[in-house]
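Have the model open in your viewer, with the selection tool ready. The stops below go from charged pairs to helices.

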Amino acid sequence: MPPVAVVSRSNSVGSEKSADLESHFQNASPSAPFGLPLDPNFSQGSSLTSAHVVASSAVYSLADRIFSYISPGADSALDAGLQLWKSFQRKNANGIIPQVSRFEVRSGAASSILGYLSNVSAVDAPVSVVIPSSALPFMQPILSTSLSVHHKKVPLPLAFNVAALDYDSSSSSFVSDYATPLSFAKSLNFPVITPFNAVEAQHFSLFVLFLALQGPILNIYDGPSFLKENGTVSGLLSSVQLLKTFNELKSESKKLESADNKVSVGLKLLNQVLGTNYKAFEYEGHAQPETVFVIYGSTESELLLQYIKLLSVQKNSKIGAIAVRVPLPFDVAEFCNTIPESTQSIVVIGQTKGELATTSWLKSDVSAALFFGKGAEASPKILEYNYLPSFNWSRSTLHEVLSYFVSIPEFSEQLEAKKFLFWGPDNGELIEVPSKLAHSFSLDASSKISFRSKYDNINGAGTFQASIFSAPFNSKLSKAGSVDSADVILIEGKDILKYFDVTKTAKTGSTIIITSAKKIEELQKYTESLPSSFIRSLISKNIRLAVLDLEAIGDQPETKGFTSSIASQVAFWHYAYPELSEHDVVLKVWQAAGADAELLAAVISNLRDTVLKTGLKEVPVSKELLSKTSEKKENENEEEKQQQQQEEEEKESEEEDPELPSHPLESSFFPNPREGEVVTKPISNTKLDAAKKLVFKEAYQTETSLRPDLSVRNFVVKVQHNKRVTPENYSRNIFEIEFDITGTGLTYQIGEALGIHGRNNTKMVQEFLDSYGLKGDDLVQVPSKEDAHILETRTISQAFIENLDIFGKPPKKFYESLAPFAQDEAERKKLEFLASAAGAKELKAYQDDETYFYADILALFPSARPSVVELAQIISPLKRREYSIASSQKMHPNAVHLLIVVVDWVDKRGQTRYGHCSHYLSQLSVGTELVVSVKPSVMKLPASPLAPIVMSGLGTGLAPFKAFVEEKVWQKSQGLEIGEIYLYLGSRYKREEYLYGELWEAYKDAGIITHIGAAFSRDQPEKIYIQDRIRENIEELTDAIITKNGSFYLCGPTWPVPDITACLEDIVQNDWDKRGVKGDVANEVEEMKESGRYVLEVY
């Protein structure tokens, strides 16, 4: 079996990261496989990142003041990195933490910027503005008014970094809109420069900051691609190099003062300093072309230049391309000089908005330049191809465009590069697979990678697509545009074939793998169920088809929860790189697992064998199969055909397969929101009805109960102590709260949790009832959640205070349910829009950015007024929240203790929002009554008091261990001999978060606790974590856990589980090495879990 390899996981190639950064930048996701934005101080050489992050990093490194504006798709899409670095207190190249302010997009959006500049006597560095193209029109009026006044004093030092990004309602997708920012710049006479790739994005972010010393300038780039495409970026400048370059340019700034074209002079200065060769117009192609294509845009330019270069090299075609890097000012002389003398015709590929028949701005500028630069008679013929912002650029669509004007010879694909696609439902089990594959690719230092994901909330009720591009590290090839000639396509479930023609994105001779979650009893029947159009395309393009039967493989015990993912990865590597050895495949899958699972190579190897022998089945694709799929269709409909004529008509219609899209609509940055829960229907009631039921209980079968809506036994307890334990000026509010349970009958065991049945704020509820016109003492009857035949009567105030989550965030289902009640047509349409797929983006903003509550939505749509009965039906119920009990009832017979952190955040309106239950508890005063219940837990002490215990907790995860120690103190007070107690705890700072610190030290001095391993990660230059403290005592812990049969506990967040598990494996291995034992240490640790000696209570 292959050995277990130790692999360094990082989101940067060739640069080391501190443990602090690693702990923050390991948050990979299906759409971001390389984690959170890379720290600007490490953006150098080669990194795994996106072009937008690279640009943001340059801005952060050089700017003192940054203004950002919320973006379509996600409010924080453009400034997430900036806000993250600021929150981490990262200093930039100037040694300061830049001020980063986020603003909403509204009329007069530039007012804050102008106000800031008016109050600053001197600006040493230009102000940077990070903004989507869709927001610029809101700035234009006030800038236009202010510029004339301001220019009389000094130029506005504004460096705009503009993501060409907007939501196009006609195509229901996010698009790169260049027309809007170019119109904005032209009307205000602002210069514009556009990068083609990530390295240029960094250079030009620096460049516009330098040029902004002379006045406003825009750096416009492809929003969707630069934001969403992550991969290897080589040749990046460090923050120190950026500052050095900026200062060198600044020292030459006098050369710009008298220049007519400051961008042209500035580019020459930039080239001198960096050794680059940037031009306003980039030419590629034949030395003596007959036809030259002119294009503008980041992705468009990169794609066209690459394509023309390959074409001219392989076929010597007399075709050329000019990519416009500086559209404003459009340098007439330089453009004309860029056009080879042999050019007979120029084809302008220009973006237009609205109507394709409209002449593009690029065509107008090119025509004017040729007229004034060459004259009407000497100018080449000008042709035009217009496209909309929603146009999907790829190699094949570019080929189609060029073929309209010239004959394109056949030429070979980029053999050194490989392209792959993944398709699946956006809530699928395998959605993480492409991200994991990308992670494996990124660990190969000999190659470079590009990863791009898309969410389509419309087709197939939610579809996810991801593409991976891989090429040798030193290759000049790069991914530009969508992948449409994939070598391998992995599809989760055949249902995707109903909505997309995936074969159009497959290369001739490629492989398509379809996974099946249901067992395939007969392969022939399964393949015959596939669409005939799909089979037809497989045949015509000679595509190999394989089916992965996940049910046949089963969820293996050793890989439980990960089996399907691993099996899919094995199948991918098998077809993508058939030359890989078993060891290589196992290593790649193991690397991809990352922190998500504790896996041994032997386990993966065994699963690989199962996949190849049992799960993976190749389907012979032939015309015979095609005829069977068509025949099956006819047979399935035979019973419905009653007349021969009708039968023939249906046959004919079946032969005409509807044309399916080949690419998803990027309609969202997130998966399709799913529906909320169903709430049982209540009924209204009167006081007289309630009185009858109380007086005549037997007749009405009425019972009185404390919180009858709750399915567990409940108790009323009183607060006897509530105190914050972290400093008031510290960011985290952690408090300890104790309840008096005297006479309640409440009992609890060690390790159990206390369920808190929180209440809504009485004042806020009354304000809502008053605004809604409801009387709090009126009655409402609600069916029990446990038995729909039982009706529960309570006042309206009670219902909204104790039962209904009126101040919670409503799901999509609520908007859908509320819409029919709206009397105002505009409000009804708005609610219906929010509940539709098209409104997913705005709904997401309502939920996550505005964080609107049910009450807020009802106020926003005042014409929608459901009755109280209907409100109780469509508003979700308040949920119980459990907290680990931090006390032993043997030590505190009449009390129960909790340790809690308040969950809080600030929404886009600047309002501080809170987690319902933690904030509710933090506000309770001594003597307040509340309803609680007890929930069992897996956190149990060993049966023998002599058995050692090893406890590891982070933050409030220490709560159950206080109860453990108190139980041990009680045991010892009863004359029992107790075993060793090891306590490992972790937090950021000792002064602020040494929770129960004095208690632990006292118990250690008293001989109860054997050892305290405290890891305060940020109290010293080097980062120390809980696993480091555990490894310091590996010999003692080997004796305690292995020799003396001790137990190990972990409580807190999930992220340290892999590291803690690895520590346990080291402990087992240490014992085995001493005894000369060989075996599977991971399996041994798993056995400890099963036997209750390795207990996890994580969240």
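A salt bridge here is a side-chain nitrogen of Lys or Arg within 4 Å of a carboxyl oxygen of Asp or Glu. This is a predicted model, where local features need pLDDT of at least 70, side-chain atom pairs count only at pLDDT 80 or more, and totals for chains, interfaces and linings use all residues. Residues are numbered from 1 along each chain as its sequence is written, and side-chain values use heavy atoms, with hydrogens and water left out.

Select Lys-504 and Glu-659. They form a salt bridge, with the closest N and O atoms 3.2 Å apart. The two residues are 155 apart in the chain. Lys-504 is partly exposed at 37% relative accessibility, and Glu-659 is exposed at 69% (buried is under 20% relative accessible area, exposed over 50%, partly exposed in between; 1.4 Å probe, protein chains only).

Next, select Glu-752 and Lys-940, a salt bridge of 4.0 Å from N to O. Both sit in loops, and the pair ties together parts 188 residues apart in sequence. Glu-752 is buried, at 11%, while Lys-940 is partly exposed, at 35%.

Now select residues 298-315, helix α12, and residues 395-403, helix α15 (helices are DSSP runs of H or I, at least four residues, numbered from the N terminus). Their axes, lines fitted to C-alpha atoms over the stretch in contact, come within 11 Å and cross at roughly 70°. Therefore α12 is roughly perpendicular to α15 (65 to 115 degrees, on a scale from 0 to 180 between N-to-C directions).

Technical notes: Parallel < 35°, antiparallel > 145°, perpendicular 65-115°, else oblique.
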